[in-house]
Amino acid sequence: MYKESFYNVTQSLDNGKILVFNTFSGAMICVSNEYYNRYIKKCEEYKETNILLKQGFIVKKEVDEPFRVSLRRRMFAFSSYNEKIHHLTVLLTSGCNASCWYCFEKGSHKSSMSNETADALIEFIDKYGDKEGIDINWFGGEPTLRKDLIFYISQKLLDRGFKIKCKIVTNGYLFDKSFMETMKKYNLVHAQISIDALNEKYNLIKKYIYKDPNPFETIIKNIDDAINYDFHTSIRLNFSDENYLELADVIDYLYNRYQNKIGVYVAPITGNNSTPSTIKEPFLFLIKKLINYKYIKALRDINLEFIPMYCGAAIPNNFLVDPNGNLFKCAEELSGDTRKNNVGNIFEGPCYNNNMKKWIDDVIDPKCINCVMLPLCQQGCKGSRLKVGGLEYDCIPTKEMLKETIKLMYESKKGGAI
Amino acid sequence: MEEKMEVIFEEQHDVDNESVNMCTYPYCFECGHYCGERR
């Protein structure tokens, strides 16, 4: 009456035991070979059968597991359909004070939000936003180039009775004390700052427009202040197979200076011919480092957690606003000719056009429906899939290194450095 | 055979019933995750 779950992944350990991880339930157990063969593979009745069932390692024979996963996906996608907007990403400018070579917005038309558009945005939020709680993500370009509008829009929303919470994705250069002081009033809860190298190398990558002999020092001072102001700060390290060894030094530096008062995570640079297989070794190398410093503690920190959907952009009422007031589903759609990608604008409201349909359609590719990774990736990033036009590239790197990461998390849980 | 499993991580949700919350695009205010972290 039971069968082994399709979503079980096994990994042999040096002590002869087997690690079993279920990508849907997220449970992980360590058992002997015999235990695995008898009670999980052959599903012999045992005193722990009910626990194995609850943990998802075995399922009732008639259960269609991919259907169960896709049902969760549909439930999630449409649960917020008729609700007000809770999350909004706002690009105040597509201009930047740095010019990183890997920027995905490189080549996009540069524009900055006008005061009239800012007023229209306030009206748009007033009409479509949830007064009881709206999260605003200040994004760019470099959003701190338009601090004036961040303050203006935030204050107007407070005046109209909105409960706001916001975060900012910034390079950190203008994220200074006076800005932080003001942003406390507007409930800034989080800042994300990218650091891709130390000192001179960092300065060379960023190529700031300022005549500052050491912008790196400015950024670090600003991060020091952000900690003092109690803003949760995440440092993003963009890596490729070429720079990952240098990033190890950055992680050492950050840990020595801040310990776990900040968050640190790594993200592969996309669009530079890298593939999941070329970044596998660098990724594992950096992950081990982050586990040892406890920047990665839980399965969710390493993409080993069930998600009903990869990204909220595929939810009907989730939008990004560009400096001209156009609505988009994702920042990936901002490069090149963006006119065909919009899903309405703040002046007339959201538009249920073909682009919206492209994002909201809930079709799972046959290649994905029978993949053990589906509960962890839900087909990956829709933005890059639509851009690249294929699925293969978009498989999340975890797929290539699933067994290794499971083992790393096991070793980390058992204690000791890895 | 009196063999027991060693639980390393408990299941993260009820596989049959519970509705699931997730990190939302492009940043989840509840748990602090970014879409970039999933790549």
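Trainee: How many cavities of 30 Å³ or more does the count come to?

Mentor: The count comes to 5. Keep in mind that this is a predicted model.

Trainee: How much space lies in the second largest cavity?

Mentor: About 70 Å³. Its lining includes R73(A), M309(A), Y310(A), Q378(A) and R385(A). By class, the lining has 4 nonpolar, 3 polar and 3 charged residues.

Trainee: Now the sheet. In what order do the 8 strands of the open sheet run?

Mentor: The order is β11-β10-β9-β8-β7-β6-β12-β13 in chain A, with mixed pairing. The edge strands are β11 (263–268) and β13 (327–328) of chain A, and each pairs on one side only.

Trainee: In which sense do β7 and β8 of chain A pair, parallel or antiparallel?

Mentor: Parallel, over 5 bridges. Strand β7 of chain A covers residues 134–139, and strand β8 of chain A covers 164–170. Look for N137(A), which stands opposite K167(A) in β8(A).

Trainee: What do β2(A) and β3(A) form?

Mentor: A hairpin, with 5 residues between the strands. The two strands, residues 8–12 and 18–22 of chain A, pair in the antiparallel sense over 5 bridges. T10(A) stands opposite V20(A) in β3(A). In the turn, G16(A) has a positive phi of about 90°.

Trainee: Next, salt bridges. How many does the structure hold over all chains?

Mentor: It holds 19. K407(A) lies in helix α15 (residues 402–414) of chain A and D14(A) in the loop between β2 and β3 of chain A, so the pair ties together parts 393 residues apart in sequence.

Trainee: Is D14(A) buried or exposed?

Mentor: Exposed, because its relative accessible area is 75%, and exposed means over 50%.

Trainee: Which residue does the side chain of E333(A) meet in a salt bridge?

Mentor: K358(A), at 4.0 Å from N to O. E333(A) sits in the loop between β13 and β14 of chain A, K358(A) in helix α11 of chain A, 25 residues apart. E333(A) counts as buried, because its relative accessibility is 8% and buried means under 20%. K358(A) is partly exposed, at 34%.

Trainee: What is the distance between the closest N and O atoms of R38(A) and E44(A)?

Mentor: That salt bridge has them 3.0 Å apart. R38(A) is partly exposed at 27%, and E44(A) is partly exposed at 30%.

Trainee: Which residues are linked in a network of salt bridges?

Mentor: E123(A), D126(A), K131(A) and R160(A).

Methods: Residues numbered from 1 in each chain as written. Chains lettered and ligands numbered in written order. Predicted model: local features only at pLDDT ≥ 70, side-chain atom pairs only at ≥ 80, totals over all residues. Heavy atoms only, no water. Pairing = 2+ DSSP bridges. Helix = DSSP H or I, 4+ residues; strand = E, 2+ residues; numbered from the N terminus. 1 Å grid on protein atoms, 1.4 Å probe; cavity = no way out; pocket = protein on both sides within 12 Å on 5 of 7 lines; lining within 4 Å. Points joined across faces, edges and corners; volume = space filled by probe spheres on them. Nonpolar A, V, L, I, M, F, W, Y, C, P; charged D, E, K, R; others polar. Buried < 20%, exposed > 50% of the residue type's maximum accessible area, 1.4 Å probe, protein only.
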